[in-house]
Amino acid sequence: MKPFLLLSSLLASSALGSNLSTKVYGKPAGLAYSVTGGGNTTPAVPANVAQLLDWLTDSKPRVIVLDKEYNFIGNEGYCENCACCVFNTDTCGDGGQDAIETDFGWCGHRTPVDCTYPNTTTIDVASNKAIVGLGAKSVIRGSGLRVVNSVSNVIVQNIRITGINPGYVWGGDAIYMDGCDLIWIDYVKISLVGRQMISMGYESSELSYTEFDGRTDHSSTCDGHHYWTILGLGENDKVSFFNNWIHHTSGRSPDLGSVSAWHIFNNYWSNNTGHASLSPLSLLSYWKETYSLM
């Protein structure tokens, strides 16, 4: 049985679906073993997008339970007729990704086009938070999570993050981390994003039982596969990465650089047309157990 298929059976056998006091399921087994999230805080369900945003960003320890979809698309309005460019001009057509122009002029000499897209609401998650989903309806749509600036002790478990401008490079990351510590991402599914599924530069953290679903109608490599998958460029990162499923990707699966230590084992790569690259500077602990790198 593939590791990601255990999710439904684990949740069905736990009290999570009927008793909010269960809070987070299980305990981290890797480098983020001491993470507690919201601790013994009473679990609570945010009523709407505004309350979810408020709870994730305030200074209080919280166990935030998601029992439905929270849709941020259009919450910050739309960028209409904005500057973009064609990422691949020769072969992609409507099946490719255009790119949103950046402050540092990423488009360069690429063919300019106008585009209209929802402005993304990137949520700056504060320290001492646990985000726990109840069932398949636990979705954050149209927004990513940002964990930066010395934030620590955060758990994200059993949710789906999707629908962040998948047609546009620089359209938004699902989870962005930098300068933080003790982050546990567990039983998360990420799909249909414009840029990175995971972008990281942090200290002791853990990604487990997470699905990186690269299937898309907007592929920068023109093959229906997502390129911008897992980017780990942080110095001195210490990451446990196990029991994850990375599929239908065409690059950065992962792309690791700088001096860092990754403990990678028991993952499953499938239908990957591109590369998983490691910088020569990376210090990698890698065990191939059960599932082969493809």
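Tutor: One term to begin with: two strands pair if DSSP finds at least two bridges between them. Also keep in mind that this is a predicted model.

Student: Okay. In which sense do β20 and strand β23 pair, and over how many bridges?
Tutor: They pair in the parallel sense, over 5 bridges. Strand β23 covers residues 261-265. Within that pairing, S240 stands opposite H263 in β23.

Student: And how do strand β17 and β20 pair?
Tutor: In the parallel sense, over 5 bridges. Strand β17 runs over residues 204-208. Here S208 stands opposite F242 in β20.

Student: New topic: rings. How many aromatic pairs does the structure hold?
Tutor: It holds 10 aromatic pairs. Take Y117 and Y168: their ring centres are 5.6 Å apart.

Student: Why is that pair called tilted?
Tutor: Because the planes of Y117 and Y168 are at 45 degrees. Planes under 30 degrees apart count as stacked and over 60 as edge-to-face, so the rest are tilted.

Student: Where in the chain do Y117 and Y168 sit?
Tutor: Y117 is in strand β5, residues 112-118. Y168 is in strand β12, residues 168-169.

Student: Buried or exposed, Y117 and Y168?
Tutor: Y117 is buried, at 11% relative accessibility. Y168 is buried too, with a relative accessible area of 18%. The cut-off for buried is under 20%.

Student: Which residues form an aromatic cluster?
Tutor: F87, F104, W106, W170, Y227 and W228 form one cluster.

Student: What sits over the ring of W170?
Tutor: The charged end of R195, 3.9 Å from the ring centre. The charged end of R195 also sits over the ring of W228, 4.0 Å from its centre. Both W170 and W228 belong to that aromatic cluster.

Student: Last one, V132. Which strand does V132 lie in?
Tutor: Strand β7, residues 129-133.

Student: Why does V132 count as buried?
Tutor: Because its relative accessibility is 1%, and buried means under 20%.

Student: How far apart are V132 and P43?
Tutor: In sequence, 89 residues. In space, V132 and P43 are 9.1 Å apart, C-alpha to C-alpha.

Definitions and conventions. Residues are numbered from 1 along each chain as its sequence is written. This is a predicted model: local features need pLDDT of at least 70, side-chain atom pairs count only at pLDDT 80 or more; totals for chains, interfaces and linings use all residues. Side-chain values use heavy atoms; hydrogens and water are left out. Helices (H or I, at least four residues) and strands (E, at least two) are DSSP runs, numbered from the N terminus. Buried means under 20% relative accessible area, exposed over 50%, partly exposed in between (1.4 Å probe, protein chains only). Rings of Phe, Tyr and Trp (its six-membered ring) pair if their centres lie within 6.5 Å; planes under 30 degrees apart count as stacked, over 60 as edge-to-face and the rest as tilted. A charge sits over a ring if NZ of Lys or CZ of Arg is within 6 Å of the ring centre and within 35 degrees of the ring normal.
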